[in-house]
Amino acid sequence: MGNSKVTAGALPEGTVIKSPRDNYLVVSVLGSGGFGITYKVTRLSDGKTLALKEYFPDKLCERGGGDTMAYLRTNAQAIETGIHDFKTEAERLMRQKITHPNIVAVDEVFEANNTAYYTMEYIDGYNLRQYIVHRNSGKPISVSQALSVMRPVLQAMSLLHKNKITHLDIKHENIILTVEDDGSLRPVIIDFGQSKHYDRKGNATSQLTNAGCSDGFAPPEQYQGLYKFTPQADVYALSATLLYLLTAQLPEKSSEITAAKIIRMLDDSVPERIKNAIVNGMRRDVDDRTQSVELLAESLGVDIADHGHEANVTRLLNISRQKSGPDLSRIWKIAAVALVCAGVAGGIWWYATLPASPAAETAAVDGLDSVDSLSLNVPQENLAVADNQGATPQNDRTADKPVSESSDDIQSNKKEDTAPREDVHNEPTDDELFAQAKSLDDFQKLADRGYAKAYAPLAEKYFAGRHYEGADYFVRKALAANSGRQTAIGVINKLTVIGYYDDKEKPQY
């Protein structure tokens, strides 16, 4: 869950935000929208990593002195109402004890720096946009994969609606995929900054300001302001999110998109039932639209009844990126096993001509046992999601290789003592790993696991493949890591020439 882009008005890294209960150290900016900024923070009392949302309507305010939020008197009423609603909705999630494996958990709500904040669990993973762009080469996923993602999301949204809460900002960037211990993926709904609660009569229990609208995912009525309980607004956003997963394209604004355009976006392989469900879920007229999440699920042929853990996860997505070259870890393993086998074969021939000794037998057994532990492990990036077989341990790179000995050495050892001796191992250096990745054109695996030297070459590779967003993503990571600056700057210049940064903020270097 990360965002390397510079966010205007964001608190700098290292800032300490004080609440009545604790202090939080800003580690990085995770993302921002029209009404708030989300940070990755460390809770100083126990070192726990959390996400922290700050109410910061950038069109009405600016960053003042001492990390405060500053605004004009003419905007005071709107700001104060916004702060009240921001806190109320976050507190409601805690007070009503609305907990669900696919809904982010809120931890603390408080005011500081002339604005409001709430902390929530930090979800380590990729949002759906990042998955499609960076992990799936900008390509859509299959119908079965998309439905496996949406099913637990629909179930969670059904729970919110039963509690008269609408999210009002469901989109590809507000659903995170995080890896479970068993290797499955858990989609989690985040960012409740726009959510609203309603009473039994359907009236809002908090004052509604001009809610933020995400073009392509917000329905027409949301732009006018929602004053009654309207679950159909979330139905529209959920349908648009499914459309994005099946097309890898952002839907047009709700005032412009039509049923015919939706059908043209979808591949012929998508069943008619799914096409019709998306079209009906994205009708402009709220009365013509699918009226509830439960009906949307039914139209998609998805069962959202609670079936325990399996109901909250998906196992169909292939998180490991398809590689253009062989898997480095496999190469090291094969090479290591080959060396061990060669050593064992040589040892058999040697010891066939010598009397067996306890020391020799012990060394041979140790050598065979070490085969199971041979691996190449590169530290994972904190935001990276591991493959379907589970997360790779975040330890140092190791590739154990048995060191050969001459016959003189062996004879000397036999004469000196008969105690088992320690195995000697050589680890590949960073430069050797990088050279291996370069020769195999396989930087993606290293980059996914936080190896900074791979970022800039991977940015070049993405640019060459015309995946410009991916190129920009790894350019920013390279600059942030101060690795491969010249290569990264070269890619920035190329992106500038083709006009990629015409409507985006260009990285600073």
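Confidence across this predicted model averages a pLDDT of 77 for the protein, with 71% of residues at 70 or more; pLDDT is the predictor's confidence in each residue, on a scale from 0 to 100. Because the model is predicted, local features need pLDDT of at least 70 and side-chain atom pairs count only at pLDDT 80 or more, while totals for chains, interfaces and linings use all residues. Residues are numbered from 1 along each chain as its sequence is written, and side-chain values use heavy atoms, with hydrogens and water left out.

Two stretches need some care. Over residues 1-5 pLDDT stays under 50, and the model has 18 contacts there beyond four places in sequence, a contact being heavy atoms within 4.5 Å. Residues 350-425 also stay under 50, with 120 contacts beyond four places in sequence. Where pLDDT is low, the predicted coordinates should not be read in detail.

On to the overall picture: the protein has 16 helices and 13 strands, taken as DSSP runs (H or I of at least four residues for helices, E of at least two for strands) and numbered from the N terminus. Of its 509 residues, 50% count as buried; buried means under 20% relative accessible area, exposed means over 50%, and partly exposed lies in between (1.4 Å probe, protein chains only). Among contacts between residues at least 6 apart in sequence, 65% join residues at least 24 apart.

As for the cysteines, the structure holds zero disulfides, a disulfide being a pair of cysteine sulfur atoms within 2.5 Å. Cys61 is buried, at a relative accessible area of 11%, whereas Cys213 comes out partly exposed at 25%.

Strand β3 (residues 36-43) is largely enclosed by the rest of the structure, because seven of its eight residues are buried. It pairs with strand β2 (residues 23-33) in the antiparallel sense over eight bridges; pairing here requires DSSP to find at least two bridges between two strands.

Helix α3 (residues 143-162) is another enclosed element: 17 of its 20 residues are buried, so the rest of the structure largely surrounds it. At 1.5 Å a residue, its 20 residues should span 28 Å, and the end C-alpha atoms are 27 Å apart, which agrees; the expected span is 1.5 Å times one less than the number of residues. The helix does bend, by about 25° at Met150, with a proline, Pro152, following within four residues. That bend is the angle between axes fitted to the seven residues ending at a residue and the seven starting there.

After α3 comes Lys164, which has a positive phi near 60°. Ile165 then lies in strand β10 (residues 165-166) and counts as buried, at 1% relative accessibility. Leaving out residues up to four places away in sequence, Ile165 touches Arg92, Leu93, Ile98, Leu160, Ser195, Lys196, His197 and Phe229. Phe229 is 64 residues away along the chain, yet the C-alpha atoms of Ile165 and Phe229 are separated by 8.0 Å.
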